[in-house]
Amino acid sequence: MATVAELKCALKEALERRGALGALRARLRAEVFTALDDQSEPRPPLSHENLLINELIREYLEFNKYRYTLSVLTAESGQPEVPLDRQFLASQLNVVEDPTSRTVPLLYGLVSHFLSSGDERKLYLRTASTPLSPDPSKPLPH
């Protein structure tokens, strides 16, 4: 007859093999976050840049099936529950897509672009708008 320690070890190995242990841990973290989240403290408004960045991350998390991480991001950031339209997101980032690029998250395309461009196309960063002040000149989709 197996000992309790042996059963625990076998159960842990079976859950890890099936990929369920990581999902359970992520779900537990998400539930703990939700329970501890102070809803009485108002969140600062999302800036236009933060909205776009969060949407790029959301698309990446959905593509990779990181559902619980996504649920925490959405809850913590105040990102709208309904995702932004991908065409809107691409246009805001001045990205032109071809049919094959639409099969992966925009973030993959952006990273691929910069990895393949080498030294010939340096990107000079400028200071973005203040993360706490939304850009009222840019309309948000409904």
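Which residues are linked in a network of salt bridges? Glu59, Arg86 and Glu97. I'll come back to them after some ground rules.

This is a predicted model, where local features need pLDDT of at least 70, side-chain atom pairs count only at pLDDT 80 or more, and totals for chains, interfaces and linings use all residues. Residues are numbered from 1 along each chain as its sequence is written, and side-chain values use heavy atoms, with hydrogens and water left out.

Salt bridges, then. The term means a side-chain nitrogen of Lys or Arg within 4 Å of a carboxyl oxygen of Asp or Glu. The structure has three. Take arginine 86 with glutamate 59: the closest N and O atoms are 2.3 Å apart. Arginine 86 sits in helix α5 and glutamate 59 in helix α3, so this pair ties together parts that are 27 residues apart in sequence. Helices here are DSSP runs (H or I, at least four residues), numbered from the N terminus. Both arginine 86 and glutamate 59 are buried. For accessibility, buried is under 20% relative accessible area, exposed is over 50%, and partly exposed is in between, with a 1.4 Å probe and protein chains only.

Arginine 86 also meets glutamate 97, at 2.4 Å, N to O. Glutamate 97 is in the loop between α5 and α6, eleven residues from arginine 86. Glutamate 97 is buried too, like arginine 86.

Next bridge: arginine 58 with glutamate 55, 3.0 Å between the closest N and O atoms. Arginine 58 and glutamate 55 are three residues apart in helix α3, so about one helical turn separates them. Both are buried.

Now the core. A nonpolar core is a set of buried Ala, Val, Leu, Ile, Met, Phe, Trp, Tyr and Cys residues joined through side-chain atoms within 4.5 Å. The largest one has eight residues: Leu51, Leu52, Leu56, Leu84, Phe88, Leu89, Ala90 and Leu106. In soluble globular proteins, nonpolar side chains tend to be buried together.

On to the rings. Rings of Phe, Tyr and Trp (its six-membered ring) pair if their centres lie within 6.5 Å; planes under 30 degrees apart are stacked, over 60 edge-to-face, the rest tilted. That gives three aromatic pairs. Tyrosine 60 and tyrosine 66 are edge-to-face, 6.1 Å centre to centre, with 65 degrees between the planes. Tyrosine 60 is partly exposed at 28% relative accessible area, and tyrosine 66 is partly exposed at 38%. Tyrosine 60 and tyrosine 108 form a tilted pair: 5.9 Å and 50 degrees. That pair links distant parts of the chain, from helix α3 (residues 48–63) to helix α6 (residues 106–117), 48 residues apart. Tyrosine 108 is partly exposed, at 35%. Ring pairs link Tyr60, Phe63, Tyr66 and Tyr108 into a cluster.

Serine 47 lies between α2 (20–36) and α3. Serine 47 is buried, at 1% relative accessible area. A polar atom of its side chain lies 3.0 Å from the backbone nitrogen of asparagine 50.

Last, the surface. Leu28, Val32 and Leu36 make a nonpolar patch of about 320 Å². Patch residues have over 30% relative accessible area and no salt bridge, and nonpolar side chains (Val, Leu, Ile, Met, Phe, Trp, Tyr) are joined within 5 Å. Areas come from the Shrake-Rupley method with a 1.4 Å probe; for residues, only the protein chains shown count as cover. Leucine 36 is in helix α2. Leucine 36 is exposed, at 67%.

Conventions: Helices (H or I, at least four residues) and strands (E, at least two) are DSSP runs, numbered from the N terminus. A polar contact is a pair of N or O atoms within 3.5 Å; within protein, one must be able to donate a hydrogen and the other to accept it, and residues adjacent in sequence count only if both atoms are side-chain atoms. Patches are made of residues with over 30% relative accessible area and no salt bridge: like charges are joined within 9 Å, nonpolar side chains (Val, Leu, Ile, Met, Phe, Trp, Tyr) within 5 Å.
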